[in-house]
Amino acid sequence: DLSARGSAAQLPKGYDPEPLAQYGTLDVIFDYDSSDQRLSVTITALTDIPSLKRTGNISWQVHLVLLPTKKQRAKTIIQRGPCPVFTETFHFSHIESEMIGNYAVRFRLYSIRRMKKEKALGEKVFYLTKLNLQGKMSVPIILDPCCNIP
């Protein structure tokens, strides 16, 4: 019997399936201006963040890097609480519209602790090939688990 009840009956006693791990979801608005060759990235909110029990922390910061060059970087101010609201806009310049498909923005969520300790929890690379070049585009960025980079 391969039904859900049948398979659960075969699990060893004491087995508690782990809930789906959440590494954060960023609400992001992309706005590309081809005349200025400038990409504006607005981070509005962070949801689905890891539990306090798992991180031991409630202070968050998001780092952005324009790939592949890694020369243009930005980071949000540190926000506290279980549902941080950022509403911060960052600008990346010198992005030609013909070349925009060669670029990506990497988002990383950090848990910030006292004494400047930060722990990378989630990350996602958003490829600009998916970008709408006609006006603003709102996208939920679901972060994947991040290797723990200090």
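Are F30 and F126 buried or exposed? Both F30 and F126 are buried, where buried means under 20% relative accessible area, exposed means over 50%, and partly exposed lies in between (1.4 Å probe, protein chains only). The model is predicted: local features need pLDDT of at least 70, side-chain atom pairs count only at pLDDT 80 or more, and totals for chains, interfaces and linings use all residues. Residues are numbered from 1 along each chain as its sequence is written, and side-chain values use heavy atoms, with hydrogens and water left out.

A pair of aromatic rings is described by the distance of the centres and the angle of the planes. Rings of Phe, Tyr and Trp (its six-membered ring) pair if their centres lie within 6.5 Å; planes under 30 degrees apart count as stacked, over 60 as edge-to-face and the rest as tilted. The structure holds two aromatic pairs. Strands (E, at least two residues) and helices (H or I, at least four) are DSSP runs, numbered from the N terminus. F30 and F107 are both buried.

F30 also pairs with F126: the ring centres are 4.5 Å apart and the planes stand at 15°, so this pair is stacked. Here too distant parts of the chain are linked, since F30 lies in strand β1 and F126 in strand β8 (residues 118–127), 96 residues apart. Through these ring pairs, F30, F107 and F126 are joined into a cluster.

L67 and P68 are joined by a cis peptide bond, with omega at about 10°. P68 is located in the loop between β3 (59–67) and β4 (73–75).

Q37 is not a glycine, yet its phi is positive, at about 55°. Q37 sits in the loop between β1 and β2 (38–47) and is partly exposed, with a relative accessible area of 30%. H94, likewise not a glycine, has a positive phi of about 60°. The loop between β6 (85–93) and β7 holds H94, and H94 is exposed, with a relative accessible area of 62%.
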